[in-house]
Amino acid sequence: MIEVSDVSHAYGDRTVLRSVSVTLTEDRVAIIGPNGSGKSTFARLLNGLVLPQRGDVRVDGLSTRTDAAAVRRRVGFVFTDPDAQIVMPTVAEDVAFGLRPLRLGRDMTRQRVRAALAAVGLQAFTDQPAHVLSSGEKQLLALCSVLVTEPRVLVCDEPTTLLDRRNSRRIMQLLAGLSQQVVLVTHDVDAVTDYERVLLFDEGRIVADGLPAGVVSRYLALTA
Amino acid sequence: MNTFQPGTSWLHRLPAGAKLAGVLVALAVTIALDSPVQVTAGCAGAVLLFASAGLLPAAPAQVWPMRWLLAALTAFQVLTAGWAAAVVVTGRIVVAVLLAGLVTLTTRVVELLEVFERVLRPLRRLGIDPGRVSLVLALAIRAVPVVAGFATEVHDAQRARGLRGSPRAYAVPLVVRSLRHADALGEALAARGLDDPVAVLE
């Protein structure tokens, strides 16, 4: 369960979140809103990348302020640009990188990496250099590198923005099949139709919260 | 950029530490080569090692990026010290590059970093974290194709706007993009728990 209580945040003079309070218990939560509405900052609050200037964020009772490491182990984060997330030169090495702190040993690590790559359909690229992958494959790799650590929650900040329709669909299908709680920030309103709950952000506030159909119509009216 | 080529040869199976130690010894021997015959034998030996690892086709690609530097060096040596010295100096560099390339082609970066971490472990007493040093090395290796990609994109954007030949118009966006990438990478590392004490690589 994710609890966001009375959170406000500003970058310099620009306030991006204003007294946001929400509890997320659903397995599939989508966040939509215009550019600069505060949705990416909200997403970053959820695994402690951004600490709120006011208020509190808790994941399964753990505060992002005082239990940052435990929260990050629980909450995986996928960014828009996969190039910024891939740390190691080859595909398998990048997936293995996230497992190093767990000290699983070489054989167990290889086994986990192989299984994780197979789960996202990248097993054919195991020893390929990461930079030769297509954008869609890189995003799959970024996702795989997060999923291999088995987080309980996955936060994705516009993971399909840089992708074509086919790759976007591939990522969305993969997210749909995960056992984790998924919090998806997106501009793609078609992608959220199957989500259990959609939050609409505008000017740092949640202005609509509910089932996809109603919230998406409100968003379309807001941005018309 | 050189990257690992999967394989099952004896060089692939050799531990990374042994390969690094071997290449250091081989480089020391290479520096001692002082006749064209010895250098030619050194080159032949390096090529044979490539063949034994099943990587013979990859050998020319190791020295090809240095062709202009080698050509300039050879010309300079021919003019100042004669043909024999030119062959020895250029040949030593070719052997060294081939051997270093062979190590990176047959060893995963993770295995090389583990060796670096082991070698650097005594520095922990001086407050230096070997895990952090090895992470920096990994990031530097990873940054090469990323920044090269930025350079190509900036170059293409310049051409599209008819701004060819302006070093400032080339350097500013390249530096800005690289810095933005560094920021984003830092954020991604934090998201993957790299700032957390439990996640420090050891």
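Student: At which residue does H8(B) bend by about 35 degrees?
Tutor: The model is predicted, and local features need pLDDT of at least 70, side-chain atom pairs pLDDT 80 or more, while totals for chains, interfaces and linings use all residues. Residues are numbered from 1 along each chain as its sequence is written, with chains lettered from A and ligands numbered from 1 in the order in which they are written. Helices (H or I, at least four residues) and strands (E, at least two) are DSSP runs numbered from the N terminus, and a bend is the angle between axes fitted to the seven residues ending at a residue and the seven starting there. Pro145(B) follows within four residues of the bend, which is at Ala143(B).

Student: Against which helices do the buried residues of H8(B) pack?
Tutor: A residue is buried if 20 or more other C-beta atoms lie within 10 Å of its own, exposed if 12 or fewer, and partly exposed in between, with C-beta atoms placed from the backbone. Buried residues of H8(B) include Leu135(B) and Phe150(B). Contact means such C-beta atoms within 7 Å. The packing partners in chain B are H7 (109–120) and H9 (167–191).

Student: Which helix gives the most to the side of chain A that touches chain B?
Tutor: The contact takes 25 residues from chain A and 27 residues from chain B. With four residues, the helix that gives the most is H2(A).

Notes
Contact = placed C-beta atoms within 7 Å.
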